[in-house]
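Let's take a friendly walk through a protein model together. Have a look at the chain below, and then we will go through it part by part.

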Amino acid sequence: MSEAFGEGEGLGEAQGPRSGYAESASSRLTDRLIGGRVVLALLIVAWVVVLAFYLRHAIVLSSDSINNHVHVWHIADDLWHHGRLPWRFPQLGHGEAYAYPYGFVNWTTAALAWPLFGDWAVTLWTVLGTVGCIVATFVAFPELRRGWWAAAVLANPAILQALLFGQQSFAWGAMLMLFGIAAWRRGARGWATILLGVGFATHPYIVAPLALVVLLLYLPFTRDRAAAIRWYVIACIIALPAVVIVFISPSASDSRPSTQIVNFLSTLGPRVFIAVLPIFYVLLRRLAWNWLAPVALVIPLALFLVLSFPLNVWAQWRVLAWDGADTASLDAYLRSPSFVSGATYRVLRGGDGKLGLYHVVRSGGRLDAELFPETMAIRDFHDVADYEKLLCDRHVDQILHFESYDASRHTNERSVLQGLATHPGERIRLQVLVNRSGFEAYAVDRRGCNTVHAGASTPS
């Protein structure tokens, strides 16, 4: 295992076969096994086709992509119109969101390219991050550059899912982490720490814990545990400002602790394979058993199939052939006198990849949540009072409800909303602005939000 990370004799291999590492005849035979090069070529072609379909779209409506678009648009607006990088993002999270909950490197560089490409800059940067993960893996683990082993790298489900789900910040953070591993294996510990620190800062929520998993795998097999821990801690210190923002942003305060824990574990679990699988391949390759090379490819393919159903990967495949969502009814409302620029909106829509939320923000509206599902209060409400509390806490001025929300979210919010519209609550009164098939808009009167429970008077 220590050699897999580049200690001792293994360091020469990490620098490539021409820098002193003598490959065994068995290793060369494994790389040249019949079918290995063919399978590798097929996977390269498959990646080219997938990337071509992806790059066809200015906006790919996958689950996480719109979050990238809305932040890059906001950063580019401040950068190009005011000559500064924004700190806050007042149009998200009922006015309390930050421009950089993560993604400083990728969002800032994409914002620099915004005048040239517009929304397509975000799509391009997601592709660059994904391809960068592949390149960084081969740089960090040059033992895997040929035949079946290279095919196994290309089949890594964490890399493909980062593209399909639009996980741009994770892809860029993981890419920097993998380059950091490459620097560590070559003995450049200072550069490794800087790359890891910047990678952590790019996506502290996942990349820093992911690197901790790699560190824990590494410690039992290294002779210098203290140095590994010390440099990891320094990398965390570099990323400390980004870590603080994660904990003070609405994505933390607006979601329940149980929701945060479940979301963290379900997010981290599938993504650890981006680093753990290449390490595992290196260990398998050192056994010099030829038949293990094809088996290595079976592992990521099996993982991809197993993860596809719980993660709903099939829906992400469909968006590559999808030209966009129908937002005509919402766009018409955003152009109507009923829409108030600067007001806070709770938008209940489904089936459009959050494109409607992006349109509200670009039209001048403020959202009651960030674009992370855990902040959007997609849940059942105990009663009207529970719903009133949400509307008061988030300073909601209007609620836009679409029939598609009920079909995709399956919560009781519509029934609670309609009950509140019919019978005003203790704190909230609703006025119907639009009521037509498939779409309703309500103005929220929050004057009762300042009253204390049990009918106490409004504090002076």
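Does Cys392 count as buried or exposed, and what is its relative accessibility? Cys392 counts as buried, because its relative accessibility is 7%. Here, buried means under 20% relative accessible area, exposed means over 50%, and partly exposed is in between (1.4 Å probe, protein chains only).

## About the model

This is a predicted model, in which local features need pLDDT of at least 70 and side-chain atom pairs count only at pLDDT 80 or more, while totals for chains, interfaces and linings use all residues. Residues are numbered from 1 along each chain as its sequence is written, and side-chain values use heavy atoms, with hydrogens and water left out.

## The whole protein

The protein has 23 helices and seven strands. Both are DSSP runs numbered from the N terminus: helices are H or I with at least four residues, and strands are E with at least two. Of the 460 residues, 53% count as buried.

Contact means heavy atoms within 4.5 Å. Among the contacts with a separation of 6 or more, 74% come from residues 24 or more positions apart. The accessible surface is about 20100 Å², and 64% of that surface belongs to carbon and sulfur atoms. Such areas come from the Shrake-Rupley method with a 1.4 Å probe; for residues, only the protein chains shown count as cover.

## The disulfide and other cysteines

The structure holds one disulfide, a term for a pair of cysteine sulfur atoms within 2.5 Å. Cys392 and Cys449 are the partners, with an S to S distance of 2.0 Å. Cys392 belongs to helix α21 (residues 384–393) and Cys449 to the segment after β7 (439–445), so the pair ties together parts that are 57 residues apart in sequence. The torsion about their S-S bond is about -80°, so the disulfide is left-handed.

Cys133 is buried, at 1%, whereas Cys236 is partly exposed, at 25%.

Grid points are joined across faces, edges and corners, and a volume is the space filled by probe spheres set on the points.

There are four cavities of 30 Å³ or more, and the largest cavity has a volume of about 220 Å³. Its lining has 14 residues, with Trp184, Leu196, Val214, Leu215 and Tyr218 closest to the centre. Helices α9 (168–185), α10, α11 (207–218) and α12 (225–238) each give two or more residues to this lining.

The second largest pocket has a volume of about 270 Å³. It is lined by 17 residues, and Tyr100, Phe104, Ala201, Ala242 and Ile245 lie nearest its centre. In this pocket, α10 gives the most to the lining, with four residues.

## A look at Asp78

Asp78 sits in helix α4 (residues 65–82). Asp78 is buried, with a relative accessible area of 9%. Leaving aside residues up to four places away in sequence, Asp78 touches Gly83, Arg84 and Pro86.

How values were computed. On a 1 Å grid over the protein atoms alone, a cavity is a set of points where a 1.4 Å probe fits but cannot get out, and a pocket is an open set with protein on both sides within 12 Å along at least five of seven lines; lining residues have an atom within 4 Å of a point.
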